[in-house]
Structures are given as structure tokens and as C-alpha cells.
Amino acid sequence: MAGIQEPWNVENGNIKGTSKEFRHGRTAHNMSSSSLRKKSDLTLVSRVRIGVLRQILTNLQEVILGTKLFILFPAIPLAIIAQCYNFGRPWVFGLSLLGLTPLAERVSFLTEQIAFYTGPTVGGLLNATCGNATELIIALFALYKRKVAVVKYSLLGSILSNLLLVLGTSLFCGGIANLKSEQKYDRKQADVNSLLLLLGLLCHTLPLMFRYSSTAATDLTDDPTLQMSRVSCIIMLIAYIAYLFFQLKTHRQLFEAQEGEDDDDVTSEDEAVIGFWSAFAWLAGMTVVIALLSEYVVGTIEDASESWRISVSFISIIVLPIVGNAAEHAGAIIFAFKNKLDITLGVALGSATQISMFVVPLSVIVAWIMGVDMDLDFNLLETGSLALSVIVTAFTLQDGTSHYMKGLVLLFCYLVIGACFFVLKTPLKPNNFLNLGVESSSISSSSSSGGISTAY
């Protein structure tokens, strides 16, 4: 593919940034996304004599048709048409979710293409910031519309989905497929992620305990819980930066995903297939499309909830994470089948850590800048579910070995939590998005007792 690269990417007759040094620095997220890619047949495209047209067709072939999920791309224009012609807001919501699925995988592909030219460190930083771009963009649009409940629910659901559903399904399927061989993994990476998840859990638990332990009335303009949450978020972001330095510099070998010779169904590339500026333009364009579909999702989630007779909390905690991260989840399960649990753990725990230590505190800081009062108090039921999920996952990964029973227990935990939020019908009226579902009766009762409830 060297013949179609931009001129500045070529140095001494060779394409820059395509050494095997980068190949052996591929992260678990890169490997997981690669499992859903397919080789592109460029025989017909190579016959096009016009260079610019050949490059455009090559980019379309690699970016649009280079994934096994390309069949879901038509959902994107269908969602836009449904929105423009008012075909039904639940349809807009469903089609937007389907359209987000291949876009998340393509963002990973494009960041990897850019990393071929910038090196593994910058590539790792791109992956660390764009790895959960869908969740972050949805959260930002929900904050813009003052729907703090949707932000908290969706981010909590992403963490629970990665820890219980993705990891549980992977360990269960991997254990069934490898009954005759013992599954092992390196505990070092799992221990680091578990520690960060416990730190994030502490930052979520303290505001909740502070609310229940405080007896004095608080002023809404000077809420100590809100102040403590913002300070905690700053500390979490500093911890995440230290984690990136640990992952990309001092202990990079713990997080590198080594490719095996038997990876027949994984697209392994020794060089970039599109140029730097092409990849950058595609990444910018797909980010805009993700933002558009995210706006549709946030704007139509209540209508979908009413039409489907499912609570907004269940849709945000269960449905959104499953559909939004379907590509990444499928890749983790594929590598578990192949007894490559280090990659599986890197995907599941890495995503949960990124959301807990980066996306959640960043959302709180952005809300602070926007003048929206969002704190880390996710209420008793949600925080309890998060705490038990982190603890169960840490116990599951403590011995460095795996079997299908561990995955089955994690799956059952996820099913129980999902059933809980399916049964729970949390009222999310427009004036409740800032107080996250407080019923008027509880507000009045707390006001009469001299205290102000911040529960949702």
C-alpha cells in the first residue's frame, strides 16, 4: 500500500512509523478490535489510473468495508432520515444505537493507523482518550441537556458491563472451549486495574456516606458533597495520568499484547493501510457522526423508554453499554476462546478503569465548567452494585487462573443487577434530572425535617 501514501509519510523510500517495534506495542484494545477486521481486496481499486480517485476508493474500502460490522453502517443514514422525517423517536433511538456499534470499532482502527506514524506512546495516548469516545460524547450531550441521571446511569452501566458481562462471558466461553487445558493470565496487569477501580470506588462511596452521616442542613449553593466530589475527581484524573505514565513508559511490557502465530482470524498489519492525514480526517468525521447519533440517543431515550415500557435507568445501565461496546466485547470473547486471557482482561478491565478514572471525573469537571451540579453520589443502590461488582471481580482474578465457573458467577451477578434495575421504575421527570429521581414526597419530607435530600 506504499504507493497510495501521502508523500510526507515516505522517508528514504520507506513508509515512516511502520516498524515491528509498534506491532509488538499493540494494546489489548487494538488486538480486540483487530479480531473484527477483515482483509480488503484491492484488486479492482488498484486498476484505477487516477491517483486521487484510487486513494479515495482505497480509503472507502479500508474504512467502511474493512470491518465485519459494515452491515450496520446503513443504520446511520436511516437514523438521520428517521429524525428528519419524524418516523418515530423510538426508531431514531434504536437506529442510532445500531449505528454507534461499528463506529466505536472504526475509531479504534483509525487511532491505530495514526499511531503507525506517531509511535506507540502517542498511539497509546490516543487509545487512552478515544477508547471510550462513545460513552464520553453521550455523557457530554446529556450534560448539555441537563440530564445528569442519564450521565450517571450510562457511565455506571459501562463499568458494570465490562466487569461482569464482558469478563464473565469471556471467562465462561473460554473455560468451556478450553476444558482440557488450564487457563492462566498475568496477574500484574489485573492487580493494577483492580487497585484503580478500588480507588474510584472509594471516591464514589465517600459522598454517599457523607450524605448519610451529615445531619446539618446544607446550602444548595455551597454543597459540601459537591465540593468533595470535584476535589475527588481532580485526584482521580491525576491518578489516571500516573496510570498512563505507568502503562506507556515505565511498565509498558505489562500491557503489551503479543501476537501469536496462530492468530489466523486477526488482521495483523505491519504497516499502515491509509495515510496519516486520511486517517485523521476519517477520525474527525466519525467523531462528528458519533456526536450526532449521541445527540439523537440522549434526545429520544425518554420516548423509547415510554414506548418500550422500560425504565430509563434500565436502558441507560443495561442497553446502552451492551450495544455501544458490542464490537469491543466480541473481540474480548474471541480471544478468550483462543485462551488469550491477557488480552481479554486488558479489554474488560482496561475499559472499566478508563471509564471509572477518566470519563466519570472528566464528566464531573465538565459539568462544573457548564454550571451543572453533578457529583459522585450515585445513590445507595447504584453505588452498592458498583462496590459489589468491583469486589467480586477482584476476588475472581486473585489467583491468576480461570475456569468457566468464575465466568458463570460474574454473569449471574450481572443478571441479578439487570433484573433489579428492570423492576425498579425510577421516575425521571424533567425537573428531576438534576436531583436524579427524587420524588416530591421525599423532598418535602426532608425539607420539613430541616435537611435537604440530595438522593436520586
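Student: So which residue forms a salt bridge with Arg187?

Tutor: Asp191 does, and the closest N and O atoms are 3.7 Å apart. A salt bridge here is a side-chain nitrogen of Lys or Arg within 4 Å of a carboxyl oxygen of Asp or Glu. Before going on: this is a predicted model, where local features need pLDDT of at least 70, side-chain atom pairs count only at pLDDT 80 or more, and totals for chains, interfaces and linings use all residues. Residues are numbered from 1 along each chain as its sequence is written, and side-chain values use heavy atoms, with hydrogens and water left out.

Student: Why are Asp191 and Arg187 separated by about one helical turn?

Tutor: Because they sit four residues apart in helix H9 (residues 187-213). Helices are DSSP runs of H or I with at least four residues, strands are E runs of at least two, and both are numbered from the N terminus.

Student: How many salt bridges does the structure hold?

Tutor: Seven. One of them joins the side chains of Asp303 and Arg89, at 2.7 Å from N to O. That pair links distant parts of the chain, with Asp303 in helix H11 (residues 276-308) and Arg89 in helix H5 (residues 89-118), 214 residues apart.

Student: And what does Lys406 pair with?

Tutor: Asp399, again through a salt bridge, at 2.7 Å from N to O.

Student: Is Lys406 buried or exposed?

Tutor: Lys406 counts as buried, because its relative accessibility is 13%. Asp399 is partly exposed at 44%. The cut-offs are under 20% relative accessible area for buried, over 50% for exposed and partly exposed in between, using a 1.4 Å probe and protein chains only.

Student: Switching topic: which residues have the most contacts inside the largest nonpolar core?

Tutor: Phe93, Leu110, Leu163, Leu167 and Leu349, in a core of 107 residues. Helix H8 (residues 148-177) gives the most to this core, with 15 residues. Such a core is a set of buried Ala, Val, Leu, Ile, Met, Phe, Trp, Tyr and Cys residues joined through side-chain atoms within 4.5 Å.

Student: What does Leu110 touch?

Tutor: Leaving out residues up to four places away in sequence, Leu110 touches Val63, Ile274, Ala279, Trp282, Leu283 and Met286. Contact means heavy atoms within 4.5 Å.

Student: How many disulfides turn up?

Tutor: Zero, searching the whole structure for cysteine sulfur pairs within 2.5 Å.
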